[in-house]
Amino acid sequence: MAEPFDIAVLGAGPAGANAALEASRLGCRVVMIDEQSHAGGQVWRAKSAAVLSAPETPETSAGNQLRKAVSQSAIAHLGDARVWQIEQVPEGWSLQILVGGRSETIIAKALVLATGAREFVQPIPGWTLPGVIGLAGATSLMKQALMPPGHRTVVSGSGPLVFFVASEIRRLGGTVAAVVTPNSRMDWIGALPSMCRRPDLMWRGMVWMADLMLARVPIFWRHAVSDVRGEDAVSSVQISKLGPDWTPLRTVKTVTSDSVCLGNGLIPALEAAQLAGLEITHAPELGGWVPKVAKDGSTNLRGVFMCGDGVGIRGASAAEIHGKLAGLSAAEFTGKQVGLQKNRLYARYAAASSFGLAMTALSVPRPGLEKLATPQTIMCRCESLSRDQLLHEIEAGAASTNAVKSGLRAGMGPCGGKFCQTAIARLVASTKGLEEGAVPPHTARPPLRPVPVSALAGDFAYSDLPIPKPAPL
Ligand SMILES: Cc1cc2nc3c(=O)[nH]c(=O)nc-3n(C[C@H](O)[C@H](O)[C@H](O)COP(=O)(O)OP(=O)(O)OC[C@H]3O[C@@H](n4cnc5c(N)ncnc54)[C@H](O)[C@@H]3O)c2cc1C
């Protein structure tokens, strides 16, 4: 067996890549694994080869700097590699990785989990139609392929991402039919004191808004898209006015469009942390369920560290600093001297977090939003389960996400619950009259990502298969 690495870092976004860089700088043998080909994560996603010559944006230049630093370091960077299993072994931690169609094992003394976030999309009628795309998902499409989601797009969602996406669509030549956000102008005014801590980011937000206003894009404050209509693809959307807790009140407008971006905030991607055995707790101000992690990235599991949006949605700047902290902590665990380096980062981490958490507070869905789903709305896309079917199962006694999963297979499809389980947990909670924090996500099970059986079976000839003797009659 190959010599174990000192540190394996899962995730090459701002958090993971910075953790790997810090640890490698201190002389640790580091492997960094990510299912994307290049470092940068969601926010600093690399452009695809076909559009490399396109003009730089703040995201591409930050990403290019990071990728340069990684390529000049001694980090072993495994791109296009999906971690599907995590286990504790006598040497430390073992990761099963799907890479090049084969499953490989990597062993390291310490593990840094930097798995980031995923977006929450509130299910609404018509959200499964072709032409509907996640709001955060749209940023991936635009960054990687410089392609707007359609010709005429309604952009709907909470927090700052809705304005970024709308302004990017315009920059790439698309038309924004409307911007729809459940936030009110007063919500934004309330966030101003925290936003002032990052004038550079506040200025960017003002530029997006000015662009939309100059182009006379209608902005619907305290509204949501309540119905996406079309036969085989999106043809129009209905927009509804929301109450203070985001309960839909009445439909106010129909807007024609061929595409819709929908998103209702980000949630920490937890499944790797859960599989490793980290305890989780409910913290709505951090985006939902989060693992218990100290501010220097250490956890109560020996040799496991975690950083970035996976421990709470604080944004890219905080993820970068938290990554450094976790990298230093992991290096310290392997016996390196880090002196006072961590102390110098705590104040910067607090300042960056303050801005990120204010944006998260704007994005977290309020309870009324759930009412956008009608009885026939599909909530589990993989198994085509409607709200009514789920409700029936819950009313029949299923009181947890695990129970709904074993009863109806909700969360057992290819997405492994990544799309549906937050909405299902909220439905369980509201139906049973429980707090959201009383209904945790379902237990994480391998594989974390789909694995073809051929990757596990390897190459074999049928003639080599042992054929058992016929049983005696
Ligand atoms: C789709 C999406 C788009 C976003 N776009 C923006 C944006 O435009 N602007 C902005 O300010 N914020 C954006 N965010 C928020 C942004 O992700 C964070 O603030 C920031 O990137 C957090 O950095 P991170 O390193 O913690 O996580 P990430 O950047 O998310 O990095 C986590 C990495 O872990 C990898 N990973 C996770 N699990 C596995 C696994 N099992 N196997 C292999 N690899 C794995 C992922 O591929 C990813 O590259 C977006 C979030 C999402 C979900």
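In the predicted model, the side chains of Glu 59 and Arg 204 form a salt bridge with an N to O distance of 2.7 Å. This pair connects distant parts of the chain, with Glu 59 in helix H2 (residues 58–71) and Arg 204 in helix H6, 145 residues apart. Glu 59 is buried, because its relative accessible area is 12% and the limit for burial is under 20%. Arg 204, with a relative accessible area of 23%, is partly exposed. In total, the structure holds 18 salt bridges.

A second salt bridge joins Arg 171 and Glu 168 at 3.0 Å, N to O. Both residues belong to helix H4 and are three residues apart, about one turn of the helix. Arg 171 is partly exposed at a relative accessible area of 42%, whereas Glu 168 counts as buried at 12%. In the salt bridge between Arg 222 and Asp 187, the closest N and O atoms are 3.2 Å apart. Here too distant parts of the chain are linked: Arg 222 is in the loop between strand E11 (219–221) and strand E12 (223–229), Asp 187 is in helix H5, and 35 residues separate them. Arg 222 counts as buried at 13% relative accessibility, and Asp 187 counts as buried at 16%. Salt bridges with shared partners also join Glu 35, Arg 82, Arg 118, Glu 271 and Arg 449 into one network.

Helix H4 (residues 161–171) is mostly covered, with eight of its eleven residues buried. The buried residues are Val 162, Phe 163, Phe 164, Val 165, Ala 166, Ser 167, Glu 168 and Ile 169. Just after H4, Gly 173 has a positive phi of about 100°. H4 packs with helix H6 (residues 199–214) at an angle of about 55°, and their axes are 9 Å apart. The two helices, H4 and H6, are therefore oblique to each other, and their crossing is left-handed.

Helix H8 (residues 316–333) and helix H9 (residues 343–363) pack at about 150°, with 8 Å between their axes. Since angles over 145 degrees count as roughly antiparallel, H8 and H9 are therefore described in that way. Their crossing is left-handed. Helix H9 contains Ser 363, which counts as buried at 10% relative accessibility. Ser 363 and Gly 157 are 206 residues apart in sequence, while their C-alpha atoms are 8.0 Å apart in space.

On the surface, Met 186, Ile 189 and Leu 192 form a nonpolar patch with about 290 Å² of accessible area together. Leu 192 is part of helix H5 (residues 185–195) and counts as partly exposed at 35% relative accessibility.

Several backbone features occur in loops. Most residues other than glycine have a negative phi, and most peptide bonds are trans. Ser 384 has a positive phi near 50° and lies in the loop between strand E20 (378–380) and strand E21 (385–386). This serine, Ser 384, is partly exposed, with a relative accessible area of 47%. Arg 409 has a positive phi near 70° and is placed in the loop between helix H11 (401–408) and H12. Arg 409 is partly exposed, with a relative accessible area of 40%. The peptide bond from Pro 446 to Pro 447 is cis, with omega near 0°. Pro 447 is in the loop between helix H12 (421–432) and helix H13 (453–457).

Notes: Residues numbered from 1 in each chain as written. Predicted model: local features only at pLDDT ≥ 70, side-chain atom pairs only at ≥ 80, totals over all residues. Heavy atoms only, no water. Patch = residues over 30% accessible without salt bridge, like charges linked within 9 Å, V, L, I, M, F, W, Y side chains within 5 Å. Areas by Shrake-Rupley, 256 points an atom, 1.4 Å probe, with all protein chains shown as cover. Salt bridge = Lys/Arg side-chain N within 4 Å of Asp/Glu carboxyl O. Helix = DSSP H or I, 4+ residues; strand = E, 2+ residues; numbered from the N terminus. Buried < 20%, exposed > 50% of the residue type's maximum accessible area, 1.4 Å probe, protein only. Axes fitted to C-alpha atoms, helices over the stretch in contact; angles between N-to-C directions. Parallel < 35°, antiparallel > 145°, perpendicular 65-115°, else oblique. Left-handed = near helix turned anticlockwise from the far one by under 90°.
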